[in-house]
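Hello,

Here is the structure I promised to pass on. Please open it first, then read my notes below.

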Amino acid sequence: MAVRYLLGNEGIAHACLEANIDFASGYPGTPSSEVIDVLRVQGERPFTVEWSTNEKVAFENALGAAWCGLRALCTMKHVGLNVAADPLMTSAYTGVTGGFVILSADDPFAHSSQNEQDTRRYAHFARLPCLDPASVQEAHDMMRDAFALSEEFSLPVIFRPTTRICHSKGDVDLGEIGTEHRTAAFHRNPKQYVVIPAHTRVLHKILNEKQPALKERLVELGYNRHTIRGKTAVVASGAAAAYVREVLGADVSLAVIGAYPIDDEWLRAFVDRHEKVLVIEELDPVVEEVVRQVATKTEVLGKMTGTVPFEGEFTPATVAAAMREAGIASTMAFPAAAPVPGVPPRPPILCAGCMHRPTFYAMRKVFRDGIFPSDIGCYTLGLQLGAVDTTICMGASITVGSGIARSGEERPVISTIGDSTFLHTGIPGLLNAVYNGADMVVVILDNRITAMTGHQPNPNTGMTATGVESIPISLEAICRSCGVSWVETVDPYDLPVLLDTLRRAKERKGVRVIIAKQPCVITARRSGIRRKAYEVDPERCTGCGACRSFGCPAIAFAGKNATITELCAGCGVCADICPSGAIGREGRQ
Amino acid sequence: MKPSFDILIVGIGGQGTVLASNVLGEACIIEHRTVRSAETHGMAQRGGSVESHIRIGGEFGSLIVPGTADLLIAFDLLEALRYRHYLPTGGKLVVNRHLVVPTSVYQQDLAVPDEESILAALADLDVTCIDAAGLAEEAGSILSQNIVMLGAASGVIPLRPDTLEEAVRRCVPQKTIEVNVRAFHLGREAGEQGAGAP
């Protein structure tokens, strides 16, 4: 159709449209989010798209659609697949009717993640096929064909791009958007869809019997391929395969692994023809383990010999260094180039005017000896303000907090959780804390949107993924129905009221919930809300530094004295903090 | 000999590095050239240091290796310093004469960086220093600084100026096309004059 300059995730989304997709669900998570974000706003192919409340929910919704014969996609980041692992494992047994693709995006180097887990392990665990593209074009092509592969084997297919596929751009050759639509029809078949022991034992055997043909098919499809050029070889997968191709000498053989499970016989035939094989892949040694299993006399180098790093993201330089270590020629030598030392860091920071900043500031003022379990979202950046003591996974702020509170630790526990995260997996923890009598404060940071991943709507926003107005929900009513008797909603821009509310919470026992509610400053600006900026009266500023501890990026200092920059969003909280009354709205004097 | 012309664009989240990179990618499509690029998304965008890699004629991965970039475009002086090791000795830097002091400096009581000392630390590179804010205002909007910077660097980028101008037209919002095209030309003139090299 046309060559366009697209983000990997845009190419992947377009491929779904080409493949006649009829159902897509997901939960936002970097680097996967743009796939649903493209599908939900495109107007070219009408079909069902939803942001679900969590990954398990998204998975099961898409599975239901696939059981009705539709082509269905569900998307998430790698750690989201942990949440969806329960249906994943057994959906391999039941299989599917319509093509079902699970996109789980991995994040080597944990650019925006809490770990570096490898989705390919889940594919192996569940005995499902897994596609591992090496480029944006290949990601597009693989996704376009993944639905047919799923239907051919009646199995869900895992599609595993990494950050440098999802968030790379390139010239992508696109096909035409599909115009066929299927009619959903659920055909009752308890032996497939009801996994009681008598059924599941049979299904397990069927799953295992599919494996040999599946392995062969992935070679036939060209996903696993090789070129023989000499006595030494490199075996590479995913984005690392692109880096290898960039630096590989002309006399070195190359096998590229783009899909799992790997056909052992095919791989053995390749490995056996070489004296030495170097395996280069990001994250876990998934390919390397298979190479070691099939190698008879060939020397195998990789992570297990210390030649290739286990952690982080690779570059052509990483690959060239591993090749040099393995005694394999590379066409490029990269200079040693170290960053200039001592450059002040510029980490990501909560925006000027972000509602989380005054909330954290007030928590620290009122609970000086508090313990602050937190969660996954922009507000994890509250670490810089000393108000985030733990973060492990979605929804864990309340559960870790109640565990600390009930362990005998005597200091007060104040958990923070965003609205989307609360709806994702926070509610069961709140219910549990009330049920078991924990003493804790829960602050729901309600900015009305799933901000960090790119401002996706959630049930608290009042709008669905496709922009349809949704039934309003009440966080307060949810908390009350979990058994919380003390729930207060407060505007975090109103610092005196916020402080007073926290002090009143401090005096009580049991589970106390404060809902700090104010739209995300970015969405507020986009929707046309303008607040007048603030300024410092240099006559009254004493240089005391009280505003410095607030950590707002709009506050700069010339010597000891504060100034407010053009970043000011007009939240006005710094004016309440300044003990000299030196900060006021612009033009006040 | 690498086949691609590798450009690193660096700045602060929100300065429009991604749009500048999109213009280059679109220009490659117009000239039927292959291109690979990599961007910062997610949490790192929130006011943090961001980088876009663009490899014109690239056929492999999207990442540029330090020491091998052909051009560094920096929207902020401190970011130029942070990423200067991507250039080889004497490499080409086009930098905005603009410095945002990171909040971390005030929070952690670090030495406040200043324009003169940063420029001194960059002096061994082939530097073109641009007043992007002034030129953007002259073009009609302070928001067009990213396109000013692109224009200023365009003389050394192996894409035709008319292609780049067409790519600007395709990539920026409809209402801002004229302003951005002006910004591109003002930037290009300033770049050609080597404006204000330190």
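Start with a pair of strands in chain A. β10(A) and strand β11 (residues 253–257) of chain A run parallel, joined by five bridges. In that pairing, A:Val235 sits opposite A:Ala255 of β11(A). Please keep in mind throughout that this is a predicted model.

β10(A) has another partner. Strand β13 (residues 276–280) of chain A also runs parallel to β10(A), and five bridges join the two. Here A:Ala236 stands opposite A:Ile280 of β13(A).

Is β10(A) enclosed or open? The strand spans residues 232–237 of chain A, and six of its six residues are buried, so it is largely enclosed by the rest of the structure. Look at the two faces in turn. A:Thr232, A:Val234 and A:Ala236 point one way. A:Ala233, A:Val235 and A:Ser237 point the other way. All of them are buried. As background, side chains in a regular strand alternate between the two faces of the sheet.

Now step back to chain A as a whole. Its secondary structure comes to 21 helices and 22 strands. The radius of gyration is 27 Å, close to the 25 Å that the globule rule gives for 589 residues, so chain A is as compact as a globular protein of that length. Along the principal axes, its C-alpha atoms fill a box of roughly 80 × 65 × 55 Å. Of the 589 residues, 54% are buried. Contacts reach across the sequence too. Among those with a separation of 6 or more, 76% are between residues 24 or more positions apart.

How is chain A divided? The assignment gives domain 1 (2–220), domain 2 (224–325), domain 3 (356–526) and domain 4 (534–585). I looked at how domain 3 of chain A meets domain 4 of chain A. Their centres, taken over C-alpha atoms, are separated by 27 Å. Nine residues of domain 3 of chain A are in contact with eight residues of domain 4 of chain A. On the domain 3 side, α15 (356–366) and α19 (495–506) of chain A each supply at least two residues. α15(A) gives the most, with three. By class, that side has seven nonpolar residues, one polar and one charged.

Next, the meeting of the two chains. 45 residues of chain A are in contact with 45 residues of chain B. On the chain A side, the elements giving two or more residues are β1 (2–7), β8 (168–174), α11 (238–247), α14 (316–325) and β20 (555–558). Which of them has the largest share? That is α11(A), with five residues. By class, the chain A side has 28 nonpolar, nine polar and eight charged residues.

Strands also pair across the chains. β8(A) and strand β2 (residues 35–38) of chain B run antiparallel, joined by three bridges. Within that pairing, A:Ser168 has B:Ala38 of β2(B) as its bridge partner.

Last, confidence. The predictor gives the complex an ipTM of 0.95 and a pTM of 0.97. Chain B has a mean pLDDT of 94, and 95% of its residues reach 70 or more.

Best wishes

Methods: Residues are numbered from 1 along each chain as its sequence is written. Chains are lettered from A and ligands numbered from 1 in the order in which they are written. Helices (H or I, at least four residues) and strands (E, at least two) are DSSP runs, numbered from the N terminus. The radius of gyration is taken over C-alpha atoms; the globule rule is 2.2 Å times the number of residues to the power 0.38. A residue is buried if 20 or more other C-beta atoms lie within 10 Å of its own, exposed if 12 or fewer, and partly exposed in between; C-beta atoms are placed from the backbone. Two residues are in contact if their C-beta atoms, placed from the backbone, lie within 7 Å. Domain bounds come from an automatic or database domain assignment. Ala, Val, Leu, Ile, Met, Phe, Trp, Tyr, Cys and Pro count as nonpolar, Asp, Glu, Lys and Arg as charged, and the others, Gly among them, as polar. pLDDT is the predictor's confidence in each residue, from 0 to 100. Two strands pair if DSSP finds at least two bridges between them.
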